[in-house]
Amino acid sequence: MILHPVVEGEHTMSRRFEDKVAVVTGAGGGIGRALALGIAAEGAAVACLDISADDAATTAAAARDFGVGAVAQTCDVAVESELVAAVERVDRELGPIDVLLANAGGSRSESVPFLELTMDRWQTMVDRNLTSAFVSCLVVGRHMAEHGGGAIVVVSSQLGEVVRKHMAHYCAAKGGVKQLIRAAAVDLIGHGIRVNGIAPGPTMTPGTRELFERPEVAEANRRFIPLGRIAESHELVGGALYLASEAAAFAVGTTLVIDGGYTIV
Ligand SMILES: NC(=O)c1ccc[n+]([C@@H]2O[C@H](COP(=O)([O-])OP(=O)(O)OC[C@H]3O[C@@H](n4cnc5c(N)ncnc54)[C@H](O)[C@@H]3O)[C@@H](O)[C@H]2O)c1
């Protein structure tokens with residue numbers, strides 16, 4: 001079943017992104033799908049990029065229910081040539097890109113003691129999270145610079161702010177994402193592009209469901225997250241769309257932590 005963030009989250013409907021074109025990476029599931037449907041609900045035409053063709057197509061079809069244009073594009077966003085081809089298609093079919101929601105990534109709940117990490121595991125995690133964010137900002141940033149600017153929101157993690165045992169590869173990649181957001185922001189603001197990020201806390205998604213449904217993990221989350229629970233994907237949409245919107249015109253290089261209080265205790 002597809003969760004429509006507008007329905008599930010009872011957002012106030014507005015059309016802040018009418019006539020805008022948005023690209024969402026990792027739009028096939030979880031947080032990316034919620035972001036794609038959230039911005040479509042507010043009027044944007046949306047390009048749904050994912051390594052899974054079927055999942056990208058499912059999100060794009062749901063986005064069209066909001067009366068906007070939508071394309072699904074199979075794409076590994078860590079590979080520059082694939083993203084360049086995707087951006088050319090989006091420009092051709094939907095128009096110049098105004099908003100990038102660079103969400104692709106995830107830990108796949110891979111917990112490995114530091115001394116057991118291999119170069120392969122390290123590289124895969126860094127590519128999936130940091131390289132994908134870099135390539136997204138690079139390729140879409142070049143496109144936006146040619147077309148007068150835009151807004152980029154990169155999805156980091158609470159584990160870009162604090163660390164957890166046995167997740168050095170993910171924590172390092174997401175810590176890198178936080179600095180990428182800042183560094184890209186100062187370079188791109190002169191091109192009319194605002195770069196910001198969100199750092200979600202633990203969120204129920206296809207990528208995390210198996211872990212978060214384990215009784216001991218569910219209990220730990222209840223006890224240690226001040227709010228007493230993990231998030232649903234739609235709860236991240238409001239913060240991301242705020243940063244992508246004109247209401248955030250003065251926000252540059254910031255990462256908005258949305259984590260139920262995880263990082264403050
Ligand atoms: N779920 C959480 O608890 C949580 C917490 C903090 C941060 N995040 C971050 O939020 C983002 C989304 O996480 P999620 O839990 O929704 O993940 P998920 O695994 O449920 O979904 C990720 C989607 O991205 C796609 N994807 C992965 N790599 C890709 C690539 N290189 N190119 C294109 N598509 C790709 C996958 O196919 C999938 O559809 C990630 O960046 C993750 O690190 C998640």
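**Stop 1: Helix α8**

Select Glu-219 first: with a relative accessibility of 35%, Glu-219 counts as partly exposed. Here buried means under 20% relative accessible area and exposed over 50%, with partly exposed in between, calculated with a 1.4 Å probe on protein chains only. The model is predicted, so local features need pLDDT of at least 70 and side-chain atom pairs count only at pLDDT 80 or more, whereas totals for chains, interfaces and linings use all residues. Residues are numbered from 1 along each chain as its sequence is written, and side-chain values use heavy atoms, with hydrogens and water left out.

Arg-222 and Glu-219 form a salt bridge, with 3.4 Å between the closest N and O atoms. The term denotes a side-chain nitrogen of Lys or Arg within 4 Å of a carboxyl oxygen of Asp or Glu. Both residues belong to helix α8 (residues 215-224), where they are three residues apart, about one turn of the helix. Helices (H or I, at least four residues) and strands (E, at least two) are DSSP runs numbered from the N terminus. Arg-222 is also partly exposed, at 49% relative accessibility.

**Stop 2: Two further salt bridges**

The whole structure contains 10 salt bridges. One of them joins Arg-15 to Glu-18, with the closest N and O atoms 3.0 Å apart. Arg-15 has a relative accessible area of 39% and is partly exposed; Glu-18, at 38%, is partly exposed as well.

Next, select Glu-110 and Arg-121, whose side chains meet in a salt bridge of 3.0 Å, N to O. This pair links distant parts of the chain, 11 residues apart: Glu-110 is in the loop between β4 (99-102) and α5, and Arg-121 is in helix α5. Glu-110 is partly exposed at 22%, and Arg-121 is partly exposed at 34%.

**Stop 3: Helices α4 and α5**

Display α4 (residues 80-93) with α5 (residues 119-146); the two pack at about 35 degrees, their axes 10 Å apart. Axes are lines fitted to C-alpha atoms, for helices over the stretch in contact, and angles run from 0 to 180 degrees between N-to-C directions. On the α4 side, the residues that meet α5 are Glu-80, Leu-83, Val-84, Val-87 and Asp-91.

Now centre on Asp-91, in helix α4. At 28% relative accessibility, Asp-91 is partly exposed. Leaving aside residues up to four places away in sequence, Asp-91 touches Pro-96, His-143 and His-147, contact meaning heavy atoms within 4.5 Å. The C-alpha atoms of Asp-91 and His-143 are 9.1 Å apart, although 52 residues separate the two along the chain.

**Stop 4: The sheet**

Finally, select the seven strands of the open sheet, ordered β3-β2-β1-β4-β5-β6-β9 with parallel pairing. Strands count as paired if DSSP finds at least two bridges between them. Which strands stand at the edges? They are β3 (70-74) and β9 (255-258); each has a single partner strand, so one side of each is left without a neighbour in the sheet.

Strand β2 (residues 45-50) pairs with β3 in the parallel sense over five bridges, and Leu-49 has Gln-73 in β3 as its bridge partner. Helix α3 (residues 53-64) packs on the sheet, where it touches β2 and β3 and makes about 175 degrees with the direction of β3. Helix α6 (residues 168-188) lies across β5 (150-155), β6 (193-200) and β9, running at about 160 degrees to β6.
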